[in-house]
Amino acid sequence: EAAAIEMQAQGADLIDIGGESTRPGSEPISADEEILRIRPVLQRLSGRLTNPISVDPTKPGGAEMPLGGGAARPTDVTG
């Protein structure tokens, strides 16, 4: 949360939030866990940022929740 506010203050055009590491070899998590990680961050940032928020879910279900939760768009990181 503080990092997102600081990035905006430093001139970021977009704030991107992820709930699962895309690093090669990282342990995958469930769609439910991904949503549990993303949702509270979106809730805390809602109304605190003027920048659009992008969320990069790795599961199809993870792309639906952010759009209703304050994110401007999902970003497909799975290709």
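**Legends to close-up views of a predicted model**

**View 1. Arginine 39 lies in helix α2.** Helices (H or I, at least four residues) and strands (E, at least two) are runs assigned by DSSP and numbered from the N terminus. The structure is a predicted model, in which local features need pLDDT of at least 70 and side-chain atom pairs count only at pLDDT 80 or more, while totals for chains, interfaces and linings use all residues. Residues are numbered from 1 along each chain as its sequence is written, and side-chain values use heavy atoms, with hydrogens and water left out. Arginine 39 counts as partly exposed because its relative accessibility is 36%; buried means under 20% relative accessible area, exposed means over 50%, and partly exposed covers the range in between (1.4 Å probe, protein chains only). Between the C-alpha atoms of arginine 39 and glycine 19 the distance is 9.2 Å, although 20 residues separate them in sequence.

**View 2. Helix α2 is shown with its buried residues.** The 15 residues of α2 reach 21 Å from the first C-alpha to the last, close to the 21 Å expected at 1.5 Å a residue. The expected span of a helix is 1.5 Å times one less than its number of residues. Buried positions in α2 are Glu34, Ile35, Ile38, Val41, Leu42 and Leu45. Just after α2, glycine 47 adopts a positive phi of about 85°.

**View 3. The largest nonpolar core has 10 residues.** Its members are Ala4, Ile15, Ile17, Ile38, Val41, Leu42, Leu45, Leu49, Ile53 and Val55. Two or more residues come from each of β1 (15-17), α2 (31-45) and β2 (53-55). The most is given by α2, with four residues. A nonpolar core is a set of buried Ala, Val, Leu, Ile, Met, Phe, Trp, Tyr and Cys residues joined through side-chain atoms within 4.5 Å. Leaving aside residues up to four places away in sequence, isoleucine 15 touches Ala4, Met7, Gln8, Leu49, Asn51, Pro52, Ile53 and Ser54, where a contact means heavy atoms within 4.5 Å.

**View 4. Leucine 49 occupies the loop between α2 and β2.** Leucine 49 counts as buried because its relative accessibility is 12%. Isoleucine 5 is 44 residues away from leucine 49 in sequence, but their C-alpha atoms are 6.9 Å apart. When residues up to four places away in sequence are not counted, leucine 49 touches Ala4, Ile5, Gln8 and Ile15. Leucine 49 also belongs to the largest nonpolar core.

**View 5. A polar contact joins the side chains of serine 54 and aspartate 16.** Serine 54 is placed in strand β2 and counts as buried because its relative accessibility is 0%. The polar contact with aspartate 16 has a length of 3.2 Å. A polar contact is a pair of N or O atoms within 3.5 Å; within protein, one atom must be able to donate a hydrogen and the other to accept it, and residues adjacent in sequence count only if both atoms are side-chain atoms. In sequence, serine 54 and aspartate 16 are 38 residues apart, while their C-alpha atoms are 4.5 Å apart in space.

**View 6. Aspartate 56 is found in the loop between β2 and α3.** Aspartate 56 is buried because its relative accessible area is 12%. Its C-alpha is 7.6 Å from that of glycine 19, a residue 37 places away in sequence.

**View 7. The protein chain has three helices and three strands.** Along the sequence, they follow the pattern α-β-α-β-α-β. The chain has 79 residues, of which 30% count as buried. The mean pLDDT (the predictor's confidence in each residue, from 0 to 100) is 80, and 75% of residues reach 70 or more. Confidence is highest in helix α1 (residues 2-9), at a mean of 93, and lowest in helix α3 (residues 60-68), at 59. Where pLDDT is low, the predicted coordinates should not be read in detail.
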